[in-house]
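The notes follow in the order I took them.

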Amino acid sequence: MSSGRGPALSALGEVTERATRSASDSLAATLVVEAAGRDERADDSLRDATRAVEMLEGALGLHDELLESRPGTENGDRRPAAAGLGGAWLLGRATETVSSLGNEAAAMWGETASGIVRARTLALEDLYDAGRAPARYLTVAEMRTGGVLSLAARLGASISGAREGKLAALGEYGRELGVAAEIRDDVTGLRTPDGRTAIRAGAGDYPLPLLYAVETNPKLAGLLGEALGAEALGPVLEGVGVAGGMERAVAECGRRALAAAGALDGVPGVDALVEIADGMTRDPVETQE
């Protein structure tokens, strides 16, 4: 007789494999490699650091699925239990992997994890809050995606023996780049009701373009405050465009990307990282067309 564990383990394996596969071409992993300068002497450590940030991103992606699959949302039929267990497993494996890189890496990891937990807490507190201040969103983005990219850049540099000054510059670079990347994803994912950001907005996680639009046109808040499907999101997305929310978000994305590049002024051997930041200054709407 079957114990019933087979389907559960199968679902867990499916979500963890999918999560790590989607993160395997991640910006965080790229930053680890570029910040390390492809130092051949650090191949094993570089592999472990890259794998750790991929698993971290996979865990965070599964946490996002939990938010999107809350009862009452369009995606409420997803398997939240498997996603929750998969995220916890990936986070544990990532922590175990990064611990092999030494005390400095472990300290960076602990600092980042603390910031991510704080960011998640604030985001949960703000669910369905149409009055959420854009500054609050940016603070969360700095700790969330900014924290992950700051960690990735510092991990790569520490592997190659970088000193404190360079580590600090790379930390600031990753933090600003992370905010730019999060805004960029919001802009591209809010263009249609079936975009990833639009789905999250329907589940109460309001992105920066929408928050800017509500500032300009407070009447938009009357369309929010509850779970919204694709049809109900149509007028919301139209209102974001009319109120200039996209344009303001794109401008903030550009400012953050420039700040990321500026953090590396005078730092040697970071041309590839500066190029990544420069690419982030291009209008995400135009580059998607």
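I took helices (H or I, at least four residues) and strands (E, at least two) as DSSP runs, numbered from the N terminus. On that basis I read the pattern along the sequence as α-α-α-α-α-α-α-α-α-α-α-α-α-α. The secondary structure comes to 14 helices and zero strands.

Conventions: this is a predicted model, where local features need pLDDT of at least 70, side-chain atom pairs count only at pLDDT 80 or more, and totals for chains, interfaces and linings use all residues. Residues are numbered from 1 along each chain as its sequence is written, and side-chain values use heavy atoms, with hydrogens and water left out.

Whole chain. I called a residue buried under 20% relative accessible area, exposed over 50% and partly exposed in between (1.4 Å probe, protein chains only). Buried residues make up 50% of the 289 residues. With contact meaning heavy atoms within 4.5 Å, I found that residues 24 or more positions apart account for 76% of the contacts with a separation of 6 or more.

Helix 2 and helix 7. I used axes fitted to C-alpha atoms over the stretch in contact, with angles from 0 to 180 degrees between N-to-C directions. Helix 2 (residues 27-36) packs on helix 7 at about 30°, the axes 6 Å apart. That angle makes the two roughly parallel (under 35 degrees; over 145 is roughly antiparallel, 65 to 115 roughly perpendicular, the rest oblique). The contact has eleven nonpolar, one polar and no charged residues (Ala, Val, Leu, Ile, Met, Phe, Trp, Tyr, Cys and Pro are nonpolar, Asp, Glu, Lys and Arg charged, the others, Gly among them, polar). Among the residues that meet are Leu 31 and Val 32 in helix 2 and Ala 152 and Gly 156 in helix 7.

Helix 6 and helix 10. I found helix 6 (residues 134-143) and helix 10 (residues 208-216) packed at about 165°, with axes 9 Å apart. This makes helix 6 roughly antiparallel to helix 10. Pro 134, Tyr 137 and Leu 138 of helix 6 make the contact with Leu 208, Leu 211, Tyr 212 and Glu 215 of helix 10. By class I noted six nonpolar, no polar and one charged.

Ser 158. Is Ser 158 buried or exposed? It counts as buried because its relative accessibility is 17%. I located Ser 158 in helix 7 (residues 145-159). Its side chain reaches the backbone oxygen of Leu 155 at 2.8 Å. Leaving aside neighbours within four places in sequence, Ser 158 is in contact with Glu 104, Met 108 and Leu 167.

Note on methods: Polar contact = N/O pair within 3.5 Å; in protein donor to acceptor, adjacent residues only side chain to side chain.
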